[in-house]
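Please read the sequence and the model below side by side. The paragraphs that follow go through the two chains in turn.

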Amino acid sequence: MSVAILETKDLNHAYSKGTAHEIAAIENINLSIEEGELVGIIGHTGSGKSTLIQHFNGILKPSSGTVLLDGEDIWKDKTKIRNVRFKVGLCFQYPEYQLFEETVYKDIAFGPKNMGLSAEEIDKKVRQVISFVGLSEDYLEKSPFDLSGGEKRRVAIAGVMAMEPRVLILDEPCAGLDPKGRNTILQLVTDYQKKTGSTVVVISHSMEDISKIASKILVMNKSRLAYYDSVDNVFSNAAELKEMGLNIPSITQLFLNLRNRGYDVKTNIYTLEEAKKELLRLFSKEEK
Amino acid sequence: MENYIDFQNVSFTYQSDNQSPKVLKDFNLQVKKGEFLAILGHNGCGKSTVAKLCNAIELPTNGKIYVDGIDTCDEDKLYDIRQRVGVVLQNPDNQIVATIVEDDVAFGPENLGVEPSEIRRRVDEALKCVSMYDFRFFEPHKLSGGQKQRVAIAGIIAMKPECIVFDESTAMLDPRGRAEVMSEVLKLNKELGITVIFITHYMDEAVNADRVVVMDEGKIILNGTPKEVFVNIELLKKVGLDVPEATELSQMLINEGIELPEDILEIEELTNKLIEALEDKN
């Protein structure tokens, strides 16, 4: 059995607590994320996704309940919360707006520098991550503000990766990118997970993207945890997901349609290749 | 039908010196009155520049742009142009200005100097049109992304434009929010006859348009009905775009010898065609 790296117990968070405008953003979240998973988080806007992940590295403090990292309450000793943020790296939505240094090099080095690493170690990490995100070392001396949107996004993600967090969290890393940019980032995320074996958590509004990269899916609905299960199990709840303002991937919908029309097909199909295979099987079977 | 928006040999560069790259080069685009046009292209291909040129937020470096016959470079006619063409941006938070929903919708017509009683009527009508009337006394920041985007659309409708440009207005929304905005856009176009220019990265949204234009490096490389455009799978992928999954899957099956039309765009359509093909076998 694998070990849980992140856990939440009866986690609650209310905004504007104690005022007339108090709103529960997340309620009673009990969750256990195992080491090495690639977790996809889906949920309607305002469902509590971003509030939840901001608890994972102590940006937000629970109103009640606990967050455990490696079995330890992250708020047990307040002075150590900084270390939690090095272990759990969070990349916000539109991270390119956070680039601020004069050069790409300095921007990526900012995190490792704050961790107190030596100049040598920092240099090594910066060069490692820049090539990992698919940019050449020539970029290091450029100003981040001279790059294209997609390049800026990759530099910002590289800055978080350079800290080598054990858990990497990305809030909608593909928002606003064109299909090619989207595919580059998705590939980057899966490669990173495979290469480092670290735990990765990705928020997305695209059911297609999540179905292709995630090993497990976490579904938030109206501040509560609706599902935390395998991709197949989550997407087998088509009607419930639609009720929550979500959907199932369009390819999966095709197979659900065929099943409803009386054809014996698998419905846990997410990629075009899988779809082609299953349909060819159906056609050859019908011929007999 | 007459051309409502007419780009004639337009070149555009953001810097005035001649060295900087041209965002648009000898760009020609005509949009008919009442048409629903989708514009596709990778990040940086010049799509948003086209949006900004449509209502004189930017002016062409060379060439001419006419909106309902008015030259956008004619400074005296600036308000006439802005009244005709409204723009809905990607992030509704950048577009909402007031602290109460109905005040926000009233902002546009107020600035146009519309009579107060007429503003009241337009605000109510616009909010009903986007199904946000029940939320008229809400604070915008308490709404979901899709709801905020619908308020932003109501703010544009209240100015009674003849044309609305949507610049990636669904990019930040969840699936339901996207569906809400899309159905609003279709209603504006089909029922009120508003000319729509819809800029998007989502191929499945472009499928709803009368015509699709694909841009690359400041030029138009494909121009036709969604069915005509999306069969060009290779070319679209080459310029960093996608095709609807239904189209790509049917193409893969055709290559395997299964008889299907090659211009299928939607999953429901593909379901039906597959069943027809399966029944033919028996």
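**Domains, chains and their contact**

Chain A is divided into domain 1 (4-236) and domain 2 (249-288), with bounds that come from an automatic or database domain assignment. This is a predicted model: local features need pLDDT of at least 70 and side-chain atom pairs count only at pLDDT 80 or more, while totals for chains, interfaces and linings use all residues. Residues are numbered from 1 along each chain as its sequence is written, and chains are lettered from A and ligands numbered from 1 in the order in which they are written.

The C-alpha centres of domain 1 of chain A and domain 2 of chain A are 34 Å apart. Their contact takes six residues from domain 1 of chain A and six residues from domain 2 of chain A, where two residues are in contact if their C-beta atoms, placed from the backbone, lie within 7 Å. On the domain 1 side, the elements of chain A that give two or more residues are helix H7 (207-213) and helix H8 (231-235). Helices (H or I, at least four residues) and strands (E, at least two) are DSSP runs, numbered from the N terminus. H7(A) gives the largest share of this side, four residues. By class, the side of domain 1 of chain A that touches domain 2 of chain A has two nonpolar, one polar and three charged residues. Here Ala, Val, Leu, Ile, Met, Phe, Trp, Tyr, Cys and Pro count as nonpolar, Asp, Glu, Lys and Arg as charged, and the others, Gly among them, as polar.

Within chain A, strand E3 (residues 38-43) is mostly covered, with six of its six residues buried. A residue is buried if 20 or more other C-beta atoms lie within 10 Å of its own, exposed if 12 or fewer, and partly exposed in between, with C-beta atoms placed from the backbone. In a regular strand the side chains alternate between the two faces of the sheet. In E3(A) both faces are covered: Leu38(A), Gly40(A) and Ile42(A) on one side, and Val39(A), Ile41(A) and Gly43(A) on the other, are all buried.

Which strands pair with E3(A)? One is strand E8 (residues 199-203) of chain A, which pairs with E3(A) in the parallel sense over four bridges; two strands pair if DSSP finds at least two bridges between them. In this pairing Ile41(A) stands opposite Ile203(A). Strand E9 (residues 216-221) of chain A also runs parallel to E3(A), joined by five bridges, and there Gly43(A) stands opposite Met220(A).

Helix H5 (residues 149-161) of chain A is mostly covered as well, with eleven of its 13 residues buried. Among them are Lys152(A), Arg153(A) and Arg154(A), together with Val155(A) and Ile157(A). The cover over the buried residues of H5(A) includes strand E6 (88-91), helix H3 (104-114), helix H4 (119-132), strand E7 (167-171) and helix H6 (179-196) of chain A. At 1.5 Å a residue, the 13 residues of H5(A) should span 18 Å, and the end C-alpha atoms are 19 Å apart, which agrees; the expected span is 1.5 Å times one less than the number of residues.

Chain B has eleven helices and ten strands. Its C-alpha trace spans about 70 × 50 × 35 Å along the principal axes, and 49% of its 282 residues count as buried. Among contacts in chain B between residues at least 6 apart in sequence, 63% join residues at least 24 apart.

An open sheet of four strands in chain B has the order E2-E1-E4-E5, with antiparallel pairing. Strand E2 (24-32) and strand E5 (70-71) of chain B stand at the edges, each with a single partner strand, so one side of each is left without a neighbour in the sheet. Six bridges join strand E1 (residues 3-12) of chain B to E2(B), and Phe7(B) has Leu29(B) in E2(B) as its bridge partner.

Val50(B) lies in helix H1 (residues 47-54) of chain B. Val50(B) counts as buried because it has 29 C-beta neighbours inside 10 Å. The C-alpha atoms of Val50(B) and Asp167(B), 117 residues apart along the chain, are separated by 9.6 Å.

The contact between the chains takes 33 residues from chain B and 32 residues from chain A. H11(B) gives the largest share of the chain B side, seven residues.
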